[in-house]
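Please consider the model displayed here with attention to its charged side chains and to the packing of its helices.

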Amino acid sequence: MPKFSRRQVVGGAGSALLIGTTGIDRVNAAPNTTSRLQADVCVVGAGFAGLAAAYRLKQAGARVVVLEARNRVGGRSWSVPLKDGGWVDWGGQWVGSSQERFYALIKEMGCETYPSPDFGKMLQRGILDTNEYHRVGDGESYPGSDLVDAASKRLDDLAATIDPQAPWSHPDAARLDSITFAEWLRQNVEHESARKFCATEVGSVPSASPEEISVLQLGWLIKACDGLDELFGDAQKDRLIGGTQLVARRVAEKLAGEIKLDQPVRRIVWTDKGAVVESDSISVAARHVVIAIPPHLAGGIEYEPSLPTNRVQITQRWPQGLVIKVSMVYASPFWRDDGLSGMSLDHMSVMGETADSSNPESHSKAGILTGFVYSDNARKVASMEPDARKQLLLGEIAKRFGPKSLDPVNYHESNWSTSQWTRGCFTGFLTPGATVLFGSAVRDPVGPIHWAGTETSTAWPSFIDGAIRTGERAAEAIRKAG
């Protein structure tokens with residue numbers, strides 16, 4: 001494999017409104033054939049982590065082959081066009097704050113951002129009186145907000161003591177990793193409604209129930225994303241013209257000859273000198289491998305010989321979060337007429353959060369509300385008949401934004417836990433005890449195999465930016481290895 005420089009590796013800087021998605025992500029992808037290929041690097045997964053790794057390596061002169069299980073690129077990013085020229089993001093949709101690697105890739109691919117819609121006041125379910133909704137503007141308080149702020153500060157202060165590079169090195173790591181977020185809330189937040197709000201809002205980041213994640217793992221996630229103020233503020237500052245998947249597609253166009261779709265990897269035979277990566281119809285012999293898929297899916301691949309015990313064990317303790325994302329498209333953003341931004345936070349209802357996801361008017365006149373059903377609530381409604389679930393969720397929206405909410409032009413639910421090659425969103429999280437037990441196994445390479453994916457990032461894990469960083473990290477490690 002040719003030597004290549006660090007500069008080269010990291011780079012320079014189904015409805016009346018919906019258009020069918022068949023074929024839009026397959027353009028320019030290499031045809032699939034039964035074959036044996038050779039490459040310097042085989043990348044498993046064509047989400048943002050895999051695409052970033054492959055693209056930087058190709059820029060640096062490496063021969064790359066990308067095997068993707070889906071029939072499209074983008075991973076947990078999926079942007080669907082509207083007939084009037086707009087789009088809906090069924091997956092990841094935001095960029096902001098210090099997410100510099102995503103901003104850099106957006107610019108490099110010739111894509112554009114626009115400010116996330118914010119044209120009025122948000123609705124906040126009451127803390128002291130849960131029968132109320134408060135209209136809250138930027139910087140404004142509401143009854144009970146002091147209780148929420150105090151709990152958030154206590155959690156932020158704890159998170160600030162955790163090293164995002166090595167959370168297991170915290171002097172109190174063993175104890176913190178044995179305490180669930182639920183137990184921490186019981187110990188630190190006396191007011192029941194404030195406690196429930198914090199459980200819903202903060203738990204939405206990993207989309208985990210408070211009972212299934214440790215306060216060490218959650219604190220690490222908060223610290224790695226620059227704190228709660230950034231997580232629930234500037235991290236959602238901007239959106240992408242055309243949707244986030246447009247960036248992935250443009251990267252894929254530069255890798256058109258290297259990407260193989262519909263190729264789930266089944267087996268990897270490896271030695272310290274290289275590996276053979278096998279799908280159902282393609283085998284790739286490569287000096288290095290980058291595994292850029294969710295950790296629990298990476299654990300489902302057959303490895304010969306077996307991976308080390310810690311790596312095998314950690315993927316068994318790395319579930320994906322659970323969230324149902326609901327996209328509701330209306331003829332116009334009618335909530336703005338009432339002075340509302342479309343954002344709402346509701347810790348007492350099934351749909352815990354909404355946001356205005358409308359496009360700029362120059363692209364589409366439609367109003368798009370995005371709703372999120374998190375963890376325990378998602379489990380409760382997942383077994384309902386689709387029509388009954390839709391009626392329930394739209395009914396909750398109508399209580400916030402009025403009867404016009406009941407009649408969207410298009411309604412779509414994205415339950416990524418039922419997607420075979422994802423099995424959950426927004427991200428994976430380690431179960432209590434696993435952070436301390438397995439330490440650096442979350443990222444340590446094994447022979448020629450490198451791990452990427454937003455779950456392994458030390459900056460902005462759970463975000464697209466985190467995924468990109470890990471792909472570039474893997475590319476740089478391979479460059480150094482030669």
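The paragraphs below treat salt bridges and then a pair of packed helices.

The model is predicted, so local features require pLDDT of at least 70 and side-chain atom pairs count only at pLDDT 80 or more, while totals for chains, interfaces and linings use all residues. Residues are numbered from 1 along each chain as its sequence is written, and side-chain values use heavy atoms, with hydrogens and water left out.

The structure holds 25 salt bridges, a salt bridge being a side-chain nitrogen of Lys or Arg within 4 Å of a carboxyl oxygen of Asp or Glu. One of them joins the side chains of R175 and D172, with an N to O distance of 2.7 Å. Exposure is judged by relative accessible area: buried is under 20%, exposed is over 50%, and partly exposed lies in between (1.4 Å probe, protein chains only). R175 is partly exposed at 44%, and D172 is partly exposed at 27%.

Another salt bridge links E183 and R186 at 2.9 Å, N to O. Both residues belong to helix α6 (residues 181-188) and stand 3 residues apart, about one turn of the helix. Helices (H or I, at least four residues) are DSSP runs, numbered from the N terminus. E183 has a relative accessible area of 28% and is partly exposed.

In helix α16 (residues 464-481), R469 and D465 are 4 residues apart, about one helical turn. Their side chains form a salt bridge of 2.4 Å, N to O. Is D465 buried or exposed? D465 is buried, with a relative accessible area of 0%, whereas R469 is partly exposed at 21%.

Two packed helices are described by the angle between their axes and the distance between the axes. For helix α2 (residues 48-59) and α16, the angle is about 35° and the axes lie 7 Å apart. Here axes are lines fitted to C-alpha atoms, for helices over the stretch in contact, and angles run from 0 to 180 degrees between N-to-C directions. The crossing of α2 and α16 is right-handed, meaning that the near helix is turned clockwise from the far one by less than a right angle.

Contact (heavy atoms within 4.5 Å) involves residues of α2 including F48, A52 and R56, and residues of α16 including I464, I468 and E472. The residues of this contact divide into 10 nonpolar, 2 polar and 2 charged. Ala, Val, Leu, Ile, Met, Phe, Trp, Tyr, Cys and Pro count as nonpolar, Asp, Glu, Lys and Arg as charged, and the others, Gly among them, as polar.

Terms used. Helices (H or I, at least four residues) and strands (E, at least two) are DSSP runs, numbered from the N terminus.
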